[in-house]
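Please open the structure in your viewer and keep the selection tool at hand. The stops of this tour are given in the order in which they may be selected.

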Amino acid sequence: MKPGAKILFFAAVALAWILGAAGARSQSLPMGSGTNLSSVMYFEPPNEQMVNTRLSGAEMAPLPGAKYDVKRLKIERFGLSGKLEGVAEAPQCIYAPLDGTANSSGHLVLSLDEGRIQTQGDGFSWRQNEKSLVISNNVRTIIMMGNAKLPTL
Amino acid sequence: MKPLSEIQVCGLALLLGLSGWTAWAQTNPPPTNLPQQALFMWPQTNHLATNAPATNRPAAKAPATNAPQQELFITSESAYYDGITNQMVYIGHVYVDDHAKARLHCGRLTVSLPPNGGNPTNILAETNVVVDVLDQSGATNHITADKAVYAYGVVTNSPGILTTNETVTFTGGQPMPELTNAKSTVLADPMIMDVPRKTFSFPGKVEMRFRQPAGSGSATNGSPFQMLR
């Protein structure tokens, strides 16, 4: 994880999967399994109070190598204004919080710009630090054209 | 079947000066209810005679929310989203379909998304670009090139008047972009398509070949150069 980056883990329906106090900002990793995972990453200073990315999942189970099997993954990316810029959802993925990566051979749905751009495909790799999302196979996109945001007169 | 005759022309200015040109120019009035923002939508026309670069077009003053929406379908083998540059990049057997009005094949497609949302401002198609555009009669206009760049912009040139620029610029090829339809073949680099106006312009090198319709003889819809024989 990059220096300065913060991760907050919340166990809303907790089964004691957080090492130490819940919600502690840390480099510490969740242990055990749990439900309703939520991991929040913030912008770099001076915007460290603003949420950059939120990763959430319905269920999580530990795997070797400080990785986790996450069910019903949802990755939300926000702009500095707080506007939701994009949402990626997948039924399952392997999440590596230390590397800031999530990947899966399963299906992924990506929605950008308030749903104007809808993309889906099979197999993906998300890298938080590079702010990139690779979709490996069978990519299909629908772009809504025409409702341009013209300047106000 | 009678073989087609071809006439090669090396000057667009000469073309424009020939009265025969209008013999096969578009006769149907342009549609008035067509969506304005559709990518590669070009219900054309054989009206190739616009040597001036594609330029500004006055846009309607209606609020953007009233503008019609078009769905653009893209498929590819793989893709990636770059959150730093805010681009979607499609790689491998990329296919773009605009409700069957236009189809594009290429090896790589880069869609640049504006930071504040809205229409993609720039779409770059690379590697063996092939575009098929249907005209009003259902006839196909076939374009091949190395690269095609779709550019979209909205500017305010004067108070109360919005102007949109929406063009597709084709460059490169073997040896340059080629436009083919039932009546003619045009080689030009660059080849600029003004999407709203549904016209082409050829500001650089251009070469045109016309096919004489079979059995047309000296009919008025034959080659404009028939009279030179």
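Predicted model: local features only at pLDDT ≥ 70, side-chain atom pairs only at ≥ 80, totals over all residues.

Begin with chain A as a whole. Its secondary structure consists of eight strands and zero helices, so that the order of elements from the N terminus reads β-β-β-β-β-β-β-β. Of the 153 residues in chain A, 31% are buried. Among the contacts of chain A with a separation of 6 or more, 32% are between residues 24 or more positions apart.

Next, select strand 8 of chain A, residues 132-145, and centre on Asn138(A). The phi of Asn138(A) is near 50°, a positive value in a residue other than glycine. Most residues other than glycine have a negative phi. Is Asn138(A) exposed, partly exposed or buried? Asn138(A) counts as partly exposed because 15 C-beta neighbours lie inside 10 Å.

Move to chain B and select strand 5, residues 87-97, which contains His93(B). Here too phi is positive in a residue other than glycine, with a value near 45° for His93(B). His93(B) has 12 C-beta neighbours inside 10 Å and therefore counts as exposed.

Select the loop between strand 9 (161-171) and strand 10 (178-180) of chain B, where Pro175(B) lies. The bond joining Gln174(B) and Pro175(B) is cis, with omega about 5°. Then select the loop between strand 11 (184-189) and strand 12 (191-194) of chain B, which holds Pro190(B). A cis peptide bond links Asp189(B) to Pro190(B), and its omega is about 0°. Most peptide bonds are trans.

Conventions: Residues numbered from 1 in each chain as written. Chains lettered and ligands numbered in written order. Helix = DSSP H or I, 4+ residues; strand = E, 2+ residues; numbered from the N terminus. Buried ≥ 20, exposed ≤ 12 C-beta atoms within 10 Å, placed from the backbone. Contact = placed C-beta atoms within 7 Å.
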